[in-house]
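Take a moment with the sequence and the model.

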Amino acid sequence: MTSEFRSVSPEELEGNFIRRIGKEWMLVTAEKPDGTVNTMTAGWGGIGEMWGRPAVFVFIRPQRYTKEFVDAADHFSLTFFGQNQRKALSLLGSRSGRDGDKIQESGLTLVRGKVPYFQEAEIVLGCRKLYCQQLAPECFTDAKCDQDWYPEKDYHYMYVAEIEEALVR
Ligand SMILES: Cc1cc2nc3c(=O)[nH]c(=O)nc-3n(C[C@H](O)[C@H](O)[C@H](O)COP(=O)(O)O)c2cc1C
């Protein structure tokens, strides 16, 4: 991890993560054992506490190429950016890594380490997977969420992961 970042305790993270995730978005990034990396923009999820640890909650649809990378790795990163990177996040959320090198196209600088992340980020969370389960139609207590968001029945997989490292600028 580079010197522009400083490591903080997850409890010291500042800002409103409802806004950061829902309105400003984040990147979910992971590396396969062969060294290839993919990333995607995510606007749904959460940050809090689970099983006595600081944790993140990420929701990935089955057709995302990024899911293959998150499934193949023990770790992934969540990265949060300033509004100056909104264009990059729009691109990374509208193209698939299956169709070309969208990371290069985005102009972001990949940093490789235990967990891949991006140099331009304002906040980096290095996360270790704890749990993964696909959402199930019979579990909705409000059927409207199912009707509105899953006409293709492509239910998200929920990942719960421990925040092992938090870096801020
Ligand atoms: C603002 C925004 C938020 C998104 N949030 C999510 C999300 O939370 N979960 C998800 O599965 N896809 C989400 N997507 C869609 C993926 O980012 C998009 O399908 C991306 O192209 C997948 O890339 P990949 O195939 O390389 O993984 C979002 C897209 C945008 C633009």
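β2 and β6 run antiparallel and are joined by three bridges. Here helices (H or I, at least four residues) and strands (E, at least two) are DSSP runs, numbered from the N terminus. Two strands pair if DSSP finds at least two bridges between them. In this pairing, L27 stands opposite T79 of β6.

Before going on, two notes on the model. It is predicted, so local features need pLDDT of at least 70, side-chain atom pairs count only at pLDDT 80 or more, and totals for chains, interfaces and linings use all residues. Residues are numbered from 1 along each chain as its sequence is written.

Now the other partner of β2. Six bridges join β2 (26–31) to β3, and these strands also run antiparallel. M26 has A42 of β3 as its bridge partner. The hairpin of β2 and β3 has five residues between the strands, and there G35 takes a positive phi near 90°.

Is β2 buried or exposed? A residue is buried if 20 or more other C-beta atoms lie within 10 Å of its own, exposed if 12 or fewer, and partly exposed in between; C-beta atoms are placed from the backbone. Six of the six residues of β2 are buried, so this strand is largely enclosed by the rest of the structure. M26, V28 and A30 point one way, while L27, T29 and E31 point the other way.

Two of those residues lead to the core. A nonpolar core is a set of buried Ala, Val, Leu, Ile, Met, Phe, Trp, Tyr and Cys residues joined through C-beta atoms within 7 Å. The largest one has 37 residues, and M26, V28, V56 and L125 have the most contacts inside it. β10 gives the largest share of this core, five residues. Look at V56. Leaving out residues up to four places away in sequence, V56 touches G45, I47, L78, L125, C127, A161 and I163. Touching means that the C-beta atoms, placed from the backbone, lie within 7 Å. In soluble globular proteins, nonpolar side chains tend to be buried together.

Next comes helix α2, residues 65–72. Its T66, K67, F69 and V70 are buried. Why do they share a side of α2? They cover an arc of only 160° around the axis, which puts them on the same side; the arc is that of the directions from the helix axis to the C-beta atoms. The cover over them includes β2, β3, β5, β6 and β10.

The shell has 20 residues, with G43, Y65, T66, G93 and S96 the closest. β3 makes the largest contribution, four residues.

Finally, turn to the loops. Most residues other than glycine have a negative phi. W51 has a positive phi, near 50°. W51 sits in the loop between β4 and β5 and counts as exposed, with 9 C-beta neighbours inside 10 Å. K153 also has a positive phi, near 60°. Its loop lies between α5 and β10, and K153 is exposed, with 8 other C-beta atoms within 10 Å. S94, in the loop between α3 and α4, is exposed with 10 such neighbours. The C-alpha atoms of S94 and T41 are separated by 8.3 Å, although the two residues are 53 residues apart along the chain.

Definitions and conventions. Two residues are in contact if their C-beta atoms, placed from the backbone, lie within 7 Å. A residue is near a molecule or strand if its C-beta atom, placed from the backbone, lies within 6 Å of it.
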